[in-house]
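Student: I am new to this structure. Please take me through one part of it closely, the cavity and what lines it.

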Amino acid sequence: MSIIASNLSVIILAAGASKRMGTPKQLLKWGNSTLLGNAIETALKLPVKEVAVVLGANYNEIKKHIAHHPITILNNEDWQKGLGKSLAFGVEYMAVSKQDIDGILVTLADQPLIDHVFLNKLIDAFNKKTHPIMATSYKNKKYGVPVIFDKIYFEELRTLNDDFGAKHILKKHKASVKTLIPELENLDLDLKADYDILFKKYFNE
């Protein structure tokens, strides 16, 4: 367990309407849980101060399924503006709550292959002085989520208001970004067919 890790908080972004999926993907089955439930359970295994989940579309329905977890549930009513707005909403909460944290770890609800082992490696590699941004490497992209941002980026993150997440912040500060590559493929599940294939692969159902 990293000493630095205990001074981070997690923001799970789960506010989208899952239009391409055709059903709220946050509630799709994953093992004995759901995609969002799995993301929450993974985050709760980490040595962090707090786990906050940003909801938006289908807020009331999804909240019922996760309210039993020891987490903070946030309702982003501007979820239609996209991923960037949801991230800004979560960072705003962290900033206003006056928590003395070194930074935030941002994860998504639809990356079930990202486990706590990889996230712990990301946390352990985070260094405020030399690597204030720790991102995940993709095959087709240079870097992306999960990502850790030092608190020095909070003001910039709070201004996000589009569907591009923090991509331009990562690009702007690329000299400060260090990346790690997960052993398993880092998938975002946007289509029902993608989910069905992955679920069958891992659960034989």
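Tutor: Start with the term. A cavity is a set of grid points where a 1.4 Å probe fits but cannot get out. Keep in mind that this is a predicted model.

Now the count. The structure holds one cavity of 30 Å³ or more. The volume of the largest cavity is about 90 Å³.

Next, the lining. Asn-38, Ala-39, Thr-42 and Ala-43 are among the residues that line the largest cavity. Thr-107 and Leu-108 belong to the lining as well. So do Gln-111, Pro-112, Ile-114 and Leu-119.

Where do these residues come from? The largest share comes from H1, with four residues.

Is Asn-7 buried or exposed? Buried means under 20% relative accessible area. Asn-7 has 16% relative accessibility, so Asn-7 counts as buried.

What surrounds Asn-7? Leaving aside neighbours within four places in sequence, Asn-7 is in contact with Lys-49, Asp-100, Ile-101, Asp-102 and Gly-103. With Lys-49 there is also a polar contact, side chain to side chain, at 3.3 Å.

Notes
Residues numbered from 1 in each chain as written. Predicted model: local features only at pLDDT ≥ 70, side-chain atom pairs only at ≥ 80, totals over all residues. Heavy atoms only, no water. 1 Å grid on protein atoms, 1.4 Å probe; cavity = no way out; pocket = protein on both sides within 12 Å on 5 of 7 lines; lining within 4 Å. Points joined across faces, edges and corners; volume = space filled by probe spheres on them. Helix = DSSP H or I, 4+ residues; strand = E, 2+ residues; numbered from the N terminus. Buried < 20%, exposed > 50% of the residue type's maximum accessible area, 1.4 Å probe, protein only. Polar contact = N/O pair within 3.5 Å; in protein donor to acceptor, adjacent residues only side chain to side chain. Contact = heavy atoms within 4.5 Å.
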